[in-house]
Amino acid sequence: MALHLFSDRVPRCREVDASLATMAARHRSVKFLRIEGSDCIEGYPDRNCPSLLVYHMGECVVRLVGAVQTGSSVTKLTGALVEAGAITAEEAVDAAVTGAE
């Protein structure tokens with residue numbers, strides 16, 4: 001599961017949303033969720049948005065916090081899924097090559 005903590009006041013969050021929508025179409029075995037950061041964690045600051053938390057087998061295994069760590073490209077965000085073990089490197093390459101949507 002990939003959880004996007006966002007803020008409507010942070011433009012980069014819209015870019016991450018678009019990339020995650022593309023990824024959701026390509027990787028249907030992964031659940032993609034989004035929630036306003038401050039609704040999820042009381043007092044979560046906008047400066048930490050966007051954040052991406054990737055869970056695998058009930059454990060949070062990847063935490064990308066803020067625009068610098070998170071980036072917004074499909075490639076970088078897909079790398080986080082591979083690192084977490086949510087998808088394999090082969091699945092990532094296959095989806096990129098076929099443009100599975």
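Tutor: Start with the surface. The chain exposes about 5700 Å², and carbon and sulfur atoms supply 52% of that area. Keep in mind that this is a predicted model.

Student: What makes the chain as compact as a globular protein of its length?

Tutor: First, its makeup. The chain has five helices and four strands. In sequence order they run β-α-β-α-β-β-α-α-α. The radius of gyration is 13 Å, and the globule rule gives 13 Å for 101 residues, so the chain is as compact as a globular protein of that length. The C-alpha trace spans about 40 × 25 × 20 Å along its principal axes.

Student: How much of the chain counts as buried?

Tutor: The cut-off is under 20% relative accessible area. Of the 101 residues, 39% count as buried.

Student: How far is arginine 47 from alanine 67, in sequence and in space?

Tutor: They are 20 residues apart in sequence, and their C-alpha atoms are 8.3 Å apart.

Student: What makes a group of residues a nonpolar core?

Tutor: The members must be buried residues of the listed nonpolar types, joined through side-chain atoms within 4.5 Å. The largest such core here has 16 residues. Leu20, Leu52, Val54, Val62, Leu77, Ala80 and Leu81 have the most contacts inside it.

Student: Which elements each supply at least two residues of this core?

Tutor: Helix H1 (11–26), strand S3 (51–56), strand S4 (59–65) and helix H4 (74–84) do. H4 gives the most, with four residues.

Student: Which residues does valine 54 touch, beyond those up to four places away in sequence?

Tutor: A contact needs heavy atoms within 4.5 Å. Valine 54 touches Met1, Ala2, Glu59, Cys60, Val61, Val62, Ala80, Leu81, Ala84 and Ala86.

Student: What other core is there?

Tutor: A second, separate core has nine residues, including Leu3, Phe6, Cys13 and Leu53.

Student: What share of the contacts join residues at least 24 apart in sequence?

Tutor: Among contacts between residues at least 6 apart, 64% do.

Student: And how far apart are the mean positions of the positive and negative charges?

Tutor: The chain has 10 positive and 13 negative charges, and their mean positions are 4 Å apart.

Key:
Residues numbered from 1 in each chain as written. Predicted model: local features only at pLDDT ≥ 70, side-chain atom pairs only at ≥ 80, totals over all residues. Heavy atoms only, no water. Buried < 20%, exposed > 50% of the residue type's maximum accessible area, 1.4 Å probe, protein only. Rg over C-alpha atoms; globule rule 2.2 N^0.38 Å. Areas by Shrake-Rupley, 256 points an atom, 1.4 Å probe, with all protein chains shown as cover. Lys, Arg positive; Asp, Glu negative; His and termini not counted. Charge placed at Lys NZ, Arg CZ, Asp CG, Glu CD.
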